[in-house]
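Keep the sequence and the coordinates open side by side.

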Amino acid sequence: MIYDVTLAIGSGVPPWPGEPAPVVTRLSDMAKGDECNVTRMDFAVHYGTHLDAPIHFIPGGGDVAGLDLGILMGPCHVARVGDAVDAIGPEAFEIPPGCTRLLVRTRNSALWDHPAHAFERDFVAFTPEGAQWLVDSGIRLVGIDYLSVQRFHDAEPTTHRILLGAGVIAVEGLDLRGVASGAYELACLPLKLIGADGSPCRVVLTTRP
């Protein structure tokens, strides 16, 4: 089985407050008599399903182009957090031994039943203590089913700094509806953007034999 857990650009996914929504325009258009269709896109690199590189919050940190493909592809565990959980702290669920790639499904996933909803400020995300727990547990990549691994109302970006400072890749804006807890193979491929602090990416899960 193949699970595409990527949000579609063009489906109305809300941008992060203060950032622009994507603008998609045609530079040439066959419907207007041009020889071919050519599309231009203008969007923030942290829009929709995307990942964060260390330089997003860590001065001198690595960029997207330098991310290790060995972390972005390989065995992955999907964990389910109960709907009553408002913030993910230490030991919120069991991390299997040897797990280095972890995606977390929360009640956030139900929001993608209506992608064009107004931005939800009270989404479920990791506390700083939860982030440190992931680092201490050996996680190298963590994904969440809304637009940030960190809570919107946090006074400081401590969760991001803990994760990115330890070299953990944060994947945000996943659509995990219909994905059960368990083991999968992950492919999470960003654009190879030199100097960029983030990138949209196509994220696919496949079931392991």
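Predicted model: local features only at pLDDT ≥ 70, side-chain atom pairs only at ≥ 80, totals over all residues.

Residues are numbered from 1 along each chain as its sequence is written, and side-chain values use heavy atoms, with hydrogens and water left out.

Start with the strands. Helices (H or I, at least four residues) and strands (E, at least two) are DSSP runs, numbered from the N terminus. Two strands pair if DSSP finds at least two bridges between them. Strand β5 spans residues 73-80, and strand β11 spans residues 182-190. The two run antiparallel, joined by 6 bridges. Within this pairing, M73 faces A187 of β11. β11 also pairs with strand β12, residues 198-207. That pairing is antiparallel too, with 7 bridges. Here L189 stands opposite R202 in β12.

Now turn to the charged side chains. A salt bridge puts a side-chain nitrogen of Lys or Arg within 4 Å of a carboxyl oxygen of Asp or Glu. The structure has 8 of them. One joins R80 to D83, with the closest N and O atoms 3.2 Å apart. How accessible are these two partners? R80 is partly exposed at 36% relative accessibility, and D83 is partly exposed at 46%. The scale runs as follows: buried is under 20% relative accessible area, exposed is over 50%, and partly exposed lies in between (1.4 Å probe, protein chains only).

Another salt bridge links D154 and R151, at 3.0 Å from N to O. R151 has a relative accessible area of 29%, so it counts as partly exposed. R161 and E156 form a further salt bridge, their closest N and O atoms being 3.7 Å apart. R161 is partly exposed at 42%. Elsewhere, D113, D175 and R177 belong to one network, joined by salt bridges that share partners.

Stay with E156. Where does E156 lie? The residue sits in the loop between β9 (141-144) and α3 (158-165). With a relative accessible area of 46%, E156 is partly exposed. Leaving aside residues up to four places away in sequence, E156 touches Q150 and R161. Contact here means heavy atoms within 4.5 Å. E156 and G66 are 90 residues apart in sequence, and their C-alpha atoms are 26 Å apart in space.

Next, the cysteines. A disulfide is a pair of cysteine sulfur atoms within 2.5 Å. By this rule there are 0 disulfides. C76 is in no disulfide, and its nearest cysteine sulfur, that of C99, is 6.8 Å away. C76 is buried, with a relative accessible area of 4%. C36, in turn, is partly exposed at 36%.

Finish with the rings. A pair of aromatic rings is described by the distance of the centres and the angle of the planes. Rings of Phe, Tyr and Trp (its six-membered ring) pair if their centres lie within 6.5 Å; planes under 30 degrees apart are stacked, over 60 edge-to-face, and the rest tilted. The structure holds 10 aromatic pairs. One of them is F119 with F123, 6.2 Å centre to centre. Their planes are 85 degrees apart, and the pair is edge-to-face. F119 is buried at 13% relative accessible area, and F123 is buried at 3%.
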